[in-house]
Amino acid sequence: MTRYWSAYAKLPDGIATNVLLEETAGRWSRVTADTDPGDAHRLPGVAMPGFANCHSHAFHRALRARAQDGRSFWAWRHAMYAVAGRLDPDSYLALARATFAEMALAGITTVGEFHYLHHDRDGKHYADPNAMAQALRQAACEAGVRLTLLDTCYLSGGLDARGHTPLQGVQRRFGDRDADGWAARFADLVADDNLRIGAAIHSIRAVPADLFAVVIDGVADRPLHLHLSEQPAENDACTAYYGRTPTELVSDHGVLGPRTTAVHATHLTESDIALLGATGTTCCLCPTTERDLADGIGPSRALAAAGSPLSLGTDQHAMIDPFAEMRAVELDQRLATGRRGCFTPEQLIMMGTRHDSLGWPDAGLLAVGSRADLVAVTTDSVRTAGGSPDQVIFAAAAADVRTVIIDGRVVVDDHRHRLGDVARMLDDAISSLLEES
C-alpha cells in the first residue's frame with residue numbers, strides 16, 4: 001500500500017481539501033478528505049484524475065512546427081503522407097514511444113491510437129501483418145501509458161460524386177486488400193493488461209457504406225471510432241454520391257450508439273446533432289487540431305444538450321496539452337456564440353478524464369475501486385500562482401504537471417519521465433525519420 005496526500009484533489013463531487021489517497025495493487029483503496037497527511041507522500045498543488053487522449057495519430061507528431069506554411073488541409077495531408085511513407089516498425093516504435101512519453105509528461109494516462117499505418121512501403125504485409133500495431137503496443141508499455149488500439153479499416157482513397165476512388169501512393173500502406181482482409185488481420189490482435197483493442201472506420205471517404213457492417217461485426221462490443229464531418233468537402237462528396245449527410249449515412253447503417261465515438265463532428269446539421277444525441281454517440285473534440293487545420297469550431301454545446309457525451313483528443317499533436325484542449329472547448333464556444341459559461345470547469349474536466357469510450361470504464365476518477373491514476377498539477381508556477389484550485393485548468397499548461405501515477409506506478413516525478421530526456425528522444429526519432437530520402 002502506498003499513501004499520498006494533497007491539499008486539493010478533484011474528487012467525483014468536486015474539489016476537496018486535505019485528501020488522503022491510498023493505493024493497493026494498482027487501485028485506489030481509500031480516498032478521504034479533511035485528513036492529516038501523517039506519513040503519506042505529499043503531492044504538490046491539485047491532484048486530478050488521469051487524462052484520456054481519445055484521438056491520437058502518433059506519427060503526426062513528426063509534423064509539429066514543420067507544416068505551418070499556410071497551406072490548406074489537403075496540402076497538409078500531402079505532407080502527412082510523406083512522413084507516413086518513411087516509417088517502418090523500428091522508426092515507428094521510436095517515434096511513438098517518445099510521443100507517448102510526451103503525453104505522460106502532460107498528464108495523459110490512456111491513449112486512443114487511431115491506427116491505420118498497417119503495411120510496408122509497397123502496401124504489402126510485414127511477416128507479422130500487425131507489426132506496426134505491435135510497435136505501438138511496445139511504445140505505450142515502455143512509455144508507461146495505457147493504450148487502446150483502434151485498428152482502422154481504410155479501403156478507398158477518397159469519395160467524389162461518382163463514387164469511391166482507389167487507394168493511391170502511400171495510401172496503399174493503410175489499406176488491406178478488402179474488408180474481409182481487414183477483419184482477418186484485426187481478429188489476430190490480442191488485448192493484454194495494458195492494451196485494449198477497438199476498431200475504427202476511417203471515414204465515409206475511406207470505407208464504402210456497404211462495408212460498414214464488416215467492421216461493426218468484427219469489433220463486436222468493443223470501442224468503435226470514426227472520423228465524421230471534419231471537412232465541408234467530405235459532406236459535399238457524401239451528399240453528392242449517397243444523397244445523405246455523413247451522419248445520416250452511418251446512422252442508416254447502424255454505426256451510431258453508446259459504444260461509438262464520432263471524431264471531430266465539426267460540420268453538422270441540426271438533424272445530425274439530433275441523431276448523434278439520440279443514439280448516445282460520444283463526440284470526440286480535438287480543438288487544437290481543428291484550429292491548426294482551419295477545420296472550424298464544432299457545435300459542442302448543441303451536441304451536449306442533445307445527449308452526446310463529449311471527450312477530447314490531441315489528434316495530430318500540434319500540441320500535447322490536455323489543459324489547452326479542455327479550455328479550448330469553452331473558449332471556442334465563447335467566440336462562436338458571443339457568451340461565456342457554455343461549459344463549467346467541472347464539465348470540461350469530465351471531458352478530459354473520460355476513459356469509457358476507450359474501453360477503460362474503471363479509470364478517470366479519484367475514487368475507491370478506480371485505477372490508481374493521479375496527476376499532480378502545481379499551483380505555484382507563473383501560470384497558476386494565485387488561481388483558484390477549482391479553475392486551475394484555465395491557467396495550467398502541460399509544463400505544470402509535476403507528478404503522474406498510472407496504475408499505481410510513478411511514471412513522472414518532479415516533471416521528469418522515467419525514460420529520461422523525452423525532448424532528446426523526440427528530436428532523435430524525428431530527425432532520423434526526416435533525414436531519410
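Reader: Which residues are buried in helix 5 (residues 212-219)?

Author: The model we are reading is a predicted one, and a residue counts as buried in it when its relative accessible area is under 20%. By that cut-off, the buried residues in helix 5 are Phe-212, Val-215, Ile-216 and Val-219.

Reader: Within what arc do the buried residues of helix 5 fall, seen down its axis?

Author: An α-helix has 3.6 residues a turn, so residues three or four places apart point the same way. In helix 5 the buried residues are Phe-212, Val-215, Ile-216 and Val-219. They line one face of the helix, because seen down the axis of helix 5 they fall within an arc of 100°.

Reader: What covers the buried residues of helix 5, and which residue takes a positive phi just after this helix?

Author: The cover of these buried residues includes strand 7, helix 4 (179-187), strand 10 (195-201), strand 11 (224-228) and helix 7 (246-252). Just after helix 5 comes a residue with a positive phi of about 55°, and that residue is Ala-220.

Reader: Which residue in strand 6 stands opposite Asn-53?

Author: Strand 5 pairs with strand 6 (residues 108-115) in the parallel sense, and the pairing runs over four bridges. Opposite Asn-53, the residue to look for in strand 6 is Val-111.

Reader: Are helix 2 and helix 13 (residues 422-434) roughly parallel or roughly antiparallel?

Author: Two packed helices are described by the angle between their axes and the distance between the axes. For helix 2 and helix 13, the axes come within 9 Å and cross at roughly 150°, in a left-handed crossing. The contact includes Ala-94 and Leu-95 of helix 2 as well as Met-425 and Leu-426 of helix 13. Since angles over 145 degrees count as roughly antiparallel, helix 2 and helix 13 are roughly antiparallel.

Reader: Another open sheet has the strand order 3-2-1-4-15-16-17-18; which strands stand at its edges?

Author: This sheet is formed by eight strands, and its pairing is mixed. Within it, strand 1 (residues 2-11) and strand 4 (residues 41-48) pair in the parallel sense over five bridges, and Ala-9 stands opposite Ala-47 in strand 4. Each edge strand has a single partner, so one side of each is left without a neighbour in the sheet; these are strand 3 (27-32) and strand 18 (416-417).

Reader: Is Asp-407 buried or exposed?

Author: Asp-407 is located in the loop between strand 16 (401-406) and strand 17 (409-413), and its phi is near 50°, a positive value in a residue other than glycine. The relative accessible area of Asp-407 is 13%, and therefore this residue is buried.

Notes:
Residues are numbered from 1 along each chain as its sequence is written. This is a predicted model: local features need pLDDT of at least 70, side-chain atom pairs count only at pLDDT 80 or more; totals for chains, interfaces and linings use all residues. Side-chain values use heavy atoms; hydrogens and water are left out. Two strands pair if DSSP finds at least two bridges between them. Helices (H or I, at least four residues) and strands (E, at least two) are DSSP runs, numbered from the N terminus. Buried means under 20% relative accessible area, exposed over 50%, partly exposed in between (1.4 Å probe, protein chains only). The arc is that of the directions from the helix axis to the C-beta atoms. Contact means heavy atoms within 4.5 Å. Axes are lines fitted to C-alpha atoms, for helices over the stretch in contact, and angles run from 0 to 180 degrees between N-to-C directions. Angles under 35 degrees count as roughly parallel, over 145 as roughly antiparallel, 65 to 115 as roughly perpendicular and the rest as oblique. A crossing is left-handed if the near helix is turned anticlockwise from the far one by less than a right angle, and right-handed if clockwise.
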